[in-house]
Amino acid sequence: MQHIDNYDFTGKRAIVRVDFNVPLNAQLEVTDDTRIRAAIPTLKKVLSSGGSMIIMSHLGRPKATEDKYSLKHIIPTVEKHLGVQLLFAPDCMGPQAAELSKNLQAGQVLLLENLRYYAEEEGKPRGLPEGASDEEKKVAKALIKEKQKEFTARLASYADCYINDAFGTAHRAHASTALIAKYFANDKMFGYLMEGEINALEQALQNPKRPFVAILGGAKISTKIAVVENLLDKVDQMIVGGAMVFTFIKAKGGAIGASLCEEDQLELARTIMAKAQEKGILLSLFTDVVAADAFAPDANVQICPATEIPNGWLGMDAGPKTLEAWEKILMNAKTVLWNGPAGVFEMPAFAKGTHKIAELLAQATAQNDCFTLVGGGDSVAAVTQMGFANKVSYVSTGGGAMLEYLEGIELPGIKAVKE
Ligand code: AMP
């Protein structure tokens, strides 16, 4: 594996996997260019070091060629931030892609059309008839895997070196994120974004300043079990929020009214609480809640103890006493990792807890030299909306990828470059 700072790009063509999977509005304009801006340092580095570049990405989840998922829509935004006019290959496998990449001159940039127009990118069969037999599925799977090899080899043939800067898809073993790396045994490296993400996560997980606090929120405990279990070996304290807290509270015998609860996870919640106690880790649940009589923005609201939510009422956010307790924990922390909202933050009446966390993290970063790492779409949206994105130590660009990293899994996109 090479390092982007030491690699000699002079006269070389770099194929760079970025995550330009950005939201577009009805007019097909980019509405949030965060992911594009995040990749710019890597792209500029290649160009300023005498190289040329082929950029590849996916956009959305097309099932075939679909104009609304064309990467041509993002060209003006990339050009604006990169300061270079792009060449565009309207088919990542077509003759134009090969021709344009072959003739690239130093300083030129070629953008390939959406990789996911091809099923080969993900390596999953498409268009299987409903009710296909297991045998048919097996054959289709084998066929697409075979075709994926050709697809990957063709992408690799466009370039002299490979850069993976797409943290958001690093947890997928796709052609452009992992498989392609083996074609560049001595000429593969991470981009700056990928490196920054890995460093931030490693700083928190391997060498945290203590106390190390994790805040986990969101809808379901079942999607975060592996994260909770892995983090119990690393953190000093864990704050649990979101809807998943009610599974814990019920498991402890609390009355949670009509709050979201995963009945089939109650036993697991008990096991996790016992494990935390055994390890001496403080698991901080809600003590009080903002409860509502309906899952609606204009519902009637009351504050009540988290273990005494009236029948028919739902816990929607952390209550004021809970937030006070969190403030003490967070203002004492030296490392904080946050993934998942504290409540139904999409509705202003239930956004206080999530906003308070964002505010406390900004404060802890500034006042206590606390290392604060925020990931997951909702938490990132909260810190961004509140103008705190630059006031925490690191905002991750990858939701699913970050969660898998936190589970202790070596992500395929990272492994393939390191190998
Ligand atoms: P996740 O995708 O698992 O991180 O879950 C995020 C979602 O959890 C957000 O849409 C929140 O509105 C939702 N959520 C958070 N707290 C609650 C709650 N108390 N009841 C229902 N949904 C919640």
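A polar contact is a pair of N or O atoms within 3.5 Å; within protein, one atom must be able to donate a hydrogen and the other to accept it, and residues adjacent in sequence count only if both atoms are side-chain atoms. The model is predicted, with local features requiring pLDDT of at least 70 and side-chain atom pairs pLDDT 80 or more, whereas totals for chains, interfaces and linings use all residues. Residues are numbered from 1 along each chain as its sequence is written, and side-chain values use heavy atoms, with hydrogens and water left out.

View 1. A nitrogen atom of the ligand lies 2.9 Å from a backbone N or O atom of G315. A polar backbone atom of A219 is 2.9 Å from an oxygen atom of the ligand. The side chain of E346 places an N or O atom 2.5 Å from a ligand oxygen atom. The protein buries 78% of the 510 Å² that the ligand exposes when taken alone (accessible areas by the Shrake-Rupley method with a 1.4 Å probe; for residues, only the protein chains shown count as cover).

**View 2. The shell around the ligand.** Around the ligand are 15 residues, of which A219, G315, G343, E346 and D378 come nearest (a residue is near if one of its heavy atoms lies within 4 Å). The shell comprises 8 nonpolar, 4 polar and 3 charged residues (Ala, Val, Leu, Ile, Met, Phe, Trp, Tyr, Cys and Pro count as nonpolar, Asp, Glu, Lys and Arg as charged, and the others, Gly among them, as polar).

**View 3. The second largest pocket.** The ligand takes the space of the second largest pocket (more than half of its atoms lie within 2 Å of the grid points). A pocket is an open set of points on a 1 Å grid over the protein atoms alone, where a 1.4 Å probe fits, with protein on both sides within 12 Å along at least five of seven lines; lining residues have an atom within 4 Å of a point. The volume of this second largest pocket is about 270 Å³ (the space filled by probe spheres set on the points, which are joined across faces, edges and corners). Its lining has 16 residues, with A243, L260, F295, G343 and V344 nearest the centre. Strand β14 (residues 314-318) gives the most to this lining, with 3 residues (helices, H or I of at least four residues, and strands, E of at least two, are DSSP runs numbered from the N terminus).

**View 4. The largest pocket.** The largest pocket has a volume of about 1,100 Å³. Among its 40 lining residues, D19, R35, S396, T397 and G398 lie nearest the centre. α1 gives the most to the lining of the largest pocket, with 5 residues.
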